[in-house]
Amino acid sequence: MSALTGHRHLALLFFLVLCCLRCLAQTPTPPTTLRPSPSSSPSPRPQTEKLKVRLAGFPRKHNEGRVELFYKGEWGTICDDDFSISNANVLCRQLGFVEATGWTHSAKYGQGQGKIWLDNVQCGGGEQSVGACKSRGWGNSDCTHDEDAGVVCKDERIPGFVDANVIEAHVDENKLEEVRLRPVVAAAKKRLPVTEGVLEVKYKDGWAQVCAAGWTVKNTRVVCGMLGFPHERKVNKNFYRRLRKRAAERVSRSKVNPSAGARQAAKSKAFAKSKQSSPAPRLFLERQKNVYRVHSVACTGTEVHLAACSMEFNGPNNTASCRGGSPVVVSCAPGALFMPQHASLKMKPKTSSNVRLKGGAHLGEGRVEVLRGSEWGSVCDDRWNLQSASVVCRELGFGSAKEAMTGGRMGQGVGPIYMNEVKCSGHERSIWNCPFKNITSEDCQHTEDAAVRCNVPYMGLENSIRLGGGRTRYEGRVEVLGTDANGTQAWGLICGETWTTKEAIVACRQLGLGYANQANQETWYWDSSNVTEMILSGVKCTGNEMSLTQCQRHKTLNCQKAAAKFAAGVICSETASDLVLNATLVQQSVYIEDRPLHMLYCAAEEDCLSKSAAKANWPYGHRRLLRFSSQIHNIGRADFKPKAGRHSWVWHACHGHYHSMDIFTHYDLLNANGTKVAEGHKASFCLEDSDCQEGVSKRYECANFGDQGITVGCWDMYRHDIDCQWIDITDVKPGNYIMQVVINPNLEVAESDFTNNAMKCNCKYDGHRIWFHNCHVGDAFSEEAERRFEKYPGQLNNQIS
């Protein structure tokens with residue numbers, strides 16, 4: 001029995017070996033004429049490209065909506081065929097939410113436009129991107145937009161997730177990583193920005209040239225845009241031809257007679273030094289051996305990166321080859337901001353007066369706003385792309401667009417939205433020359449405001465400033481490169497006596513660290529540097545300068561507190577709040593009240609009445625009060641929080657609340673000359689989230705000594721019927737005035753934009769009644785409209801137009 005069992009085991013083993021050998025011998029070759037079934041193929045996508053996803057549609061909350069994908073420069077949708085909760089989970093994680101709670105079909109959030117990028121999507125649930133899921137392939141669909149899919153995500157964010165909402169140039173950086181202009185004249189190397197020179201591309205550990213054969217002005221336009229310049233200039237080819245000829249002659253002479261060549265070079269150098277007007281200045285071109293990496297470049301002129309153009313590469317053993325034998329030389333025209341300070345007004349190019357950027361942390365970035373008629377408005381991000389963004393950038397004196405941003409990435413506007421589905425080709429001189437759709441309030445909300453980040457020229461401003469002693473690179477004592485008492489260049493400190501938020505704004509901008517979160521006049525807690533000498537004092541900036549060297553200062557050091565612990569310091573931040581007043585509500589809610597004095601004791605204690613109130617016959621009589629409501633929105637990218645911590649808040653027993661800021665708003669009534677005829681102020685007795693946009697949760701509440709502040713997307717409401725929400729106009733005579741409200745007037749708390757902190761209204765007072773009209777935020781009108789506003793002659797009747 002045991003022998004029989006052994007034979008059976010051997011037979012079974014032999015059979016298994018034969019099966020394995022047969023399987024190994026078979027090499028499956030799929031038929032070349034067949035394609036995988038649509039439901040089994042992952043969506044093909046370049047590995048270097050990160051898929052952009054967004055939620056759209058109306059009405060919806062921030063964590064739900066129609067799914068849209070950005071592919072090949074265009075936004076499109078997903079068909080609901082075969083859609084599942086697994087698909088929704090993958091998409092929600094891509095959007096920064098922890099998971100999906102549901103999904104929708106049949107265009108619940110409205111029908112999308114453009115392409116339907118994916119159909120029959122089947123995710124397992126663990127994919128990092130919906131592009132890795134099985135589908136019919138990109139752009140292959142038999143659906144219509146009434147089948148657009150949507151998702152509902154759990155309102156909980158993945159920790160540390162940053163929703164970029166950024167459209168970048170997708171280029172193969174392995175093909176061409178970086179470019180630069182190398183000046184051929186030695187003196188030009190010291191001047192920044194470099195606007196003309198030999199074009200070089202990063203190659204291995206060094207730099208290589210581009211062959212000039214077939215080079216066009218369209219190619220030059222792309223290069224200039226990459227380097228931060230709006231336009232190209234014509235190159236003086238004869239000048240460079242003479243230089244190359246001289247260089248070749250010197251090389252030839254040195255080969256025939258090396259000693260003679262050296263003597264001739266020394267003679268030429270001495271001659272050039274004695275003749276400053278010589279057409280043969282000291283050149284880099286003569287010392288550079290050309291290594292040609294790229295040739296046959298062909299751009300259309302609308303590309304945002306040279307790597308997006310057609311080109312050919314020389315092999316590693318053929319880098320000396322160039323038909324025609326010369327490298328490309330590029331000359332660019334800088335924008336007005338980057339022109340030399342000594343340049344004449346005629347030389348400076350004009351910048352657009354009907355397009356601007358708002359809310360950006362760095363130079364050349366921000367929310368796009370356009371001027372129509374006399375009022376500024378924003379642009380909706382539908383179909384927003386790099387070509388349209390580049391037109392805006394060049395129009396404003398910068399280069400091409402580095403990034404096109406969507407979803408209110410640079411904060412939300414508050415005025416009208418003028419444009420939607422902007423479709424620029426890239427050649428237009430202005431965004432107003434591009435095709436676009438006029439929109440209604442149902443089409444877009446300010447959560448969809450478009451923004452840009454432009455290429456700007458390298459100015460080297462950060463090389464003359466640094467921060468010392470801080471816990472992070474965003475904070476510290478400001479140290480600047482200057483001249484010390486011995487006349488030598490060294491690093492040094494800035495006197496903190498006159499150091500304010502405006503100076504801190506410029507310092508953070510120069511450092512490339514975003515907004516100024518705090519200006520410090522004492523920095524003893526950051527004392528860890530060996531730089532101790534004060535070299536600058538009396539620094540005074542407007543806040544618009546690119547560097548501290550452009551600000552006013554004392555000619556000689558004059559600092560009462562010259563110890564290092566009193567040096568200026570900053571805390572910078574990439575995000576900031578932005579407060580703006582609802583001007584329409586002010587105009588709608590204004591009225592006059594004659595309030596008895598016996599009801600104004602607490603208000604008098606808080607200095608909310610005019611000075612003449614102290615001479616009144618208390619508690620008899622009354623005060624005439626100009627009342628209105630204030631609704632203050634935070635449209636920035638960070639919460640607005642009081643500078644002082646709660647331990648230093650002051651309790652006001654009469655009103656029964658804490659003051660977290662001494663002065664939160666100023667209320668002024670001005671005459672035609674700009675002189676105050678009445679004023680009021682508002683201490684921030686309770687900074688809190690009165691209400692918020694849909695999908696935004698309240699975070700701050702004053703009750704029970706809670707945290708004070710205003711969340712992004714929320715607003716604080718001061719109703720017309722609360723104490724101190726007025727201007728005491730008891731002593732004001734009938735006439736025409738300007739009513740002005742200024743939020744955060746002392747710039748105590750950092751904001752991304754202080755130009756919209758003031759609100760103005762034309763005001764007519766006849767001694768009994770008052771009328772407001774033309775109420776607007778300080779930067780909402782054009783310059784011409786603002787001049788007309790200031791010269792307001794008064795209304796001819798009591799009807800408000």
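How many helices and strands are there in the chain? There are ten helices and 42 strands, where helices (H or I, at least four residues) and strands (E, at least two) are DSSP runs numbered from the N terminus. Before we go on, please keep in mind that this is a predicted model, in which local features need pLDDT of at least 70, side-chain atom pairs count only at pLDDT 80 or more, and totals for chains, interfaces and linings use all residues. Residues are numbered from 1 along each chain as its sequence is written, and side-chain values use heavy atoms, with hydrogens and water left out.

Let us begin with the chain as a whole. Of its 801 residues, 50% are buried; buried means under 20% relative accessible area, exposed over 50%, and partly exposed in between (1.4 Å probe, protein chains only). Contacts (heavy atoms within 4.5 Å) tell us about the fold too: among those between residues at least 6 apart in sequence, 72% join residues at least 24 apart.

Now for the aromatic rings. The structure holds 13 aromatic pairs. Rings of Phe, Tyr and Trp (its six-membered ring) pair if their centres lie within 6.5 Å, and planes under 30 degrees apart count as stacked, over 60 as edge-to-face and the rest as tilted. Take Trp524 and Tyr525: their ring centres are 5.0 Å apart and their planes stand at 75 degrees, so this pair is edge-to-face. Tyr525 also pairs with Trp526, again with centres 5.0 Å apart and planes at 75 degrees, so that pair is edge-to-face as well. Elsewhere, Tyr71, Trp117 and Trp138 form one aromatic cluster.

Arg54 lies over the face of Trp75, 4.0 Å from the ring centre, and the charged end of Arg466 sits over the ring of Trp491, 4.4 Å from its centre. A charge counts as over a ring if NZ of Lys or CZ of Arg is within 6 Å of the ring centre and within 35 degrees of the ring normal.

Finally, look at an open sheet of three strands, ordered β30-β31-β39 with antiparallel pairing. Its edge strands, β30 (591-596) and β39 (726-728), each pair on one side only; two strands pair if DSSP finds at least two bridges between them. Strand β31 (residues 622-627) joins β39 through three bridges in the antiparallel sense, and Leu625 has Asp728 in β39 as its bridge partner.
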